[in-house]
Amino acid sequence: MIVLSIAIGSISRADAQDARVASRVAASPDYREPITLATKDGVLEVRLTARQGQVALDTAAKPVQNFLLFDYELIQGTASDNNVTGKGLYPAPTLQVFPGEKLIVHLDNALSGLTIEDYFSPQYTAKDGAVPIYPIQLKDSPLNLHVHGIHVSPKGNADNVMLHIPAGMSNTYTYDIPQNMPQGAYWYHSHLHSLTAPQVYGGLVGLLAIGRTDGNLPVVTEKNIPVRNMLLQYNFVFDRAGGAPQLNNANWAQYVSSIVPPKGDELAKGIYRPSLAPVNFARSAVGSKFFTVWYAGPLSIRNDRGLLQAIPSNLQRFTAAGGQAELDVPANPSLPDSGRDVQFTVNGQFQPVIRSKAGQTEIWVLSNVSDFAYMNVQLTETATGRHPQIAVVGQDGNPYPEVHYPVTENGTRLLIPPASRYAIAVTIPAQGDLVLEMPPRGGGAKTITAPGVLYTNDGTGNPPAVLGSLSVPPSAVSYVDGFFAFPTQLLAKATPSEGAGTTTAFVEGQPLGAYTSFVELSGTTPDVKREIKISGGFLNDLATTSDPKAFVYAFDAAAFPNMPLIQPRLGSVEEWRFVNSNNDEHPIHIHVNDFQVVEYYDPTTGLKTGPEKWGVDNANAPAPTMQIDESVIEPGILAIRTRFDDYDGLYVMHCHRLNHEDNGLMALINVIPAISTYAVAIPGAEGKAAEVRVFDGNGDRVLATVTPFPNYQGSVSVAMGDVDGDGVLDLIVGSGKDRAPEVVAYSGKGRDGR
């Protein structure tokens, strides 16, 4: 996918630059947590301003440009560093609110005048339109805010992701955290449909801690066990060692239009457009090289551009076509990790060091806040090579009723899909370090190969290119999600310091005794069962199929917002069975209400699980098994059950591989009151005023008759809706022709026996 390399004998100049940077940062930083803003007198009130900014990554020669970041101003509350303002934070500050308290966020959108060349408009090209060679740069961007996993109202200025805040505008969100909200790790991020992925990747994310992120476990309180919050992200910085590094959009090469293949020697002369190189490639050092997956011609399933975009270039090999061995770029796995162009970070730090006492048990809360990366992690004791079983004590902010180990690799591997959060118990060894890493995936994995193209910066602005092939050995790959491959990397390590800590056992099946909102639904009879099919294709008949952005992902063959509305009743239990026939895995997230996984089947590995005995807000739908032509042999299955508690109104369910959500894999959920009523307007007549009759939806019994406008004999307009948020439909009546405009609202809830 990516490489910086210039031949100087057998050593590239880019490798030499990267090695110098690696040497400069060889001493890994001490672990730190994001700044925490907490409540005061039961309220946390903060202003978050989204803007373009720079981040001083600890592996880059200079501050890295083109992040999207939240500045903050603390209006009411306390700050862990005692500062009431902050800028350029990556990730954003942690917001801590306890159950029963209030969070107020004034969101200012300063995403105007953007100068990020690879931050582009998601708009489709019309069916008969010409597809631009490069996606159109977006210079002013809307956004909004989502509190992920929080059980609050989806209406108004609460967790309403239907809001659209243009650049230069603001909105105030108010979240009343329920008294019965489980303590744990949640998060907040922009959720502007079609731009969610680049905004999350760019840095508009932060931890939302409801109370203690361990879940307020009694044993943690009793033993005073340390709790550490680790936000996991990744960044692609092509010119990390150069003079002007910037955050690059790893998806860029997927969305340029190479539908017209190169002719003759256009590639060799560097005049073929588009270039698949990063937008700042021409500003890198002369002799710098970049390679990525190649495809040109009409779009098809053979277009694998993007396949290797998350694999660092030094872990890939480029082999030039036609036996041009002098143009080959070998893999360089010995390059220090800090010199990689793609890096995974913990709280914005690269491979931080945790210092703790030998034998000390800690709770690590691992939160995958990336846009699409899967992180398959294990623990390793360096002195023995042992991989301890991973004791999970909570997931997605909800404590487990009892300890569980992961179901793979004898409990030693934990897959963290995008948006999932896991609280795990770890113990620092007496000798050596405890390493958190993404190891090789194993299982007989094979070398990944793909067509490739190599560009060389010759300083002319027309970098010559050569075609060839790319290969990545199994030792460099930690996970494949059906399409994207993700690298091996050490994430963090814990080093024992002087003194002995307190070891606390956390073993499979051990009761934890914390409050959880989990409700066992596997033994209940659902009120409604739905089967939801996941697929993909060119489903927009108004967009040209020559536009790479027009390939969409869909529930029931319809991309957002055109999927049929899901309309559960308040208080009902529903079962949704996702049948995945798309080649990718899909982490399914539902707003407002947690759910229980009752069935999971991965046809690739044969793994079957369920029902799980805990609640989550994000669960992975496995990929199907497929023929080479991508016809489905056997679909992946994910079945969930959920109860629609407390809140009616409109919200969404979607895939949290956010490039999929942006490209259609989202559906609307409209929770309606448990009891339905409907209204019939009866026009007036001579001597008789217009009436409205309200009927019970079950049996058509008349519940009420009202005369909204005495003496008015015309026709009125009626609507039913939950105006006051009490879960009961209210009646709204508007006056008609020949009368002054007037609207009357009637509460649907009976009062005084009526």
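**View 1. Thr380 and Val435 are bridge partners, the latter in strand β25.** Let us start with the strands around this pair. Strand β20 (residues 375-381) runs antiparallel to β25, and four bridges hold the pairing together. On pairing, the rule is that DSSP must find at least two bridges between two strands. The strands themselves are DSSP runs (E, at least two residues), while helices are runs of H or I with at least four residues, and both are numbered from the N terminus. Strand β25 also pairs with strand β30 (residues 489-500), again in the antiparallel sense, over five bridges. Within that pairing, Leu436 has Ala492 of β30 as its bridge partner. A word on the model before moving on: it is predicted, so local features need pLDDT of at least 70 and side-chain atom pairs count only at pLDDT 80 or more, while totals for chains, interfaces and linings use all residues. Residues are numbered from 1 along each chain as its sequence is written, and side-chain values use heavy atoms, with hydrogens and water left out.

**View 2. Strand β25 is covered on both faces.** Here we stay with residues 434-438, where five of the five residues of β25 are buried. On one side sit Leu434, Leu436 and Met438, and on the other Val435 and Glu437. Buried means under 20% relative accessible area, exposed means over 50%, and partly exposed lies in between (1.4 Å probe, protein chains only).

**View 3. Strands β7, β5, β4, β9 and β11 form an open sheet.** The order is β7-β5-β4-β9-β11, with mixed pairing. At the edges are β7 (85-89) and β11 (170-176), each of which pairs on one side only. Neighbouring strands in this sheet are turned by 20° against each other on average, direction ignored; the axes behind such angles are lines fitted to C-alpha atoms (for helices, over the stretch in contact), and angles run from 0 to 180 degrees between N-to-C directions. Inside the sheet, β4 (residues 43-55) and β5 (residues 64-76) are antiparallel partners over 10 bridges. Ala50, for example, has Phe70 in β5 as its bridge partner.

**View 4. Asp71 and Arg51 form a salt bridge, with the closest N and O atoms 2.5 Å apart.** A salt bridge is counted when a side-chain nitrogen of Lys or Arg lies within 4 Å of a carboxyl oxygen of Asp or Glu. Asp71 belongs to strand β5 and Arg51 to strand β4, so this pair ties together parts that are 20 residues apart in sequence. Asp71 is buried, at 7% relative accessible area, whereas Arg51 is partly exposed at 33%. Across the whole structure, a search finds 30 salt bridges. Another set of side chains, Arg47, Glu73 and Asp108, is linked in a salt-bridge network.

**View 5. Glu574 and Arg530 meet through their side chains in a salt bridge of 2.6 Å, N to O.** The partners come from distant parts of the chain: Glu574 sits in strand β33 (residues 573-580) and Arg530 in strand β31 (residues 528-537), 44 residues apart. Glu574 is buried, with 1% relative accessibility, and Arg530 is partly exposed, with 23%.

**View 6. Asp214 and Arg212 form a salt bridge, their closest N and O atoms 2.9 Å apart.** Asp214 counts as buried at 2% relative accessibility, while Arg212 is partly exposed at 25%.

**View 7. Met162, Leu565 and Leu650 make a nonpolar surface patch of about 230 Å².** Patch members have over 30% relative accessible area and no salt bridge; nonpolar side chains (Val, Leu, Ile, Met, Phe, Trp, Tyr) are joined within 5 Å, and like charges within 9 Å. The areas come from the Shrake-Rupley method with a 1.4 Å probe, and for residues only the protein chains shown count as cover. Leu650 lies in strand β41 (residues 649-655) and is partly exposed at 34% relative accessible area.

**View 8. Leu232 is a buried residue of strand β14.** The strand covers residues 227-236, and the relative accessibility of Leu232 is 1%. Ile390 is 158 residues away along the chain, and its C-alpha atom is 18 Å from that of Leu232.
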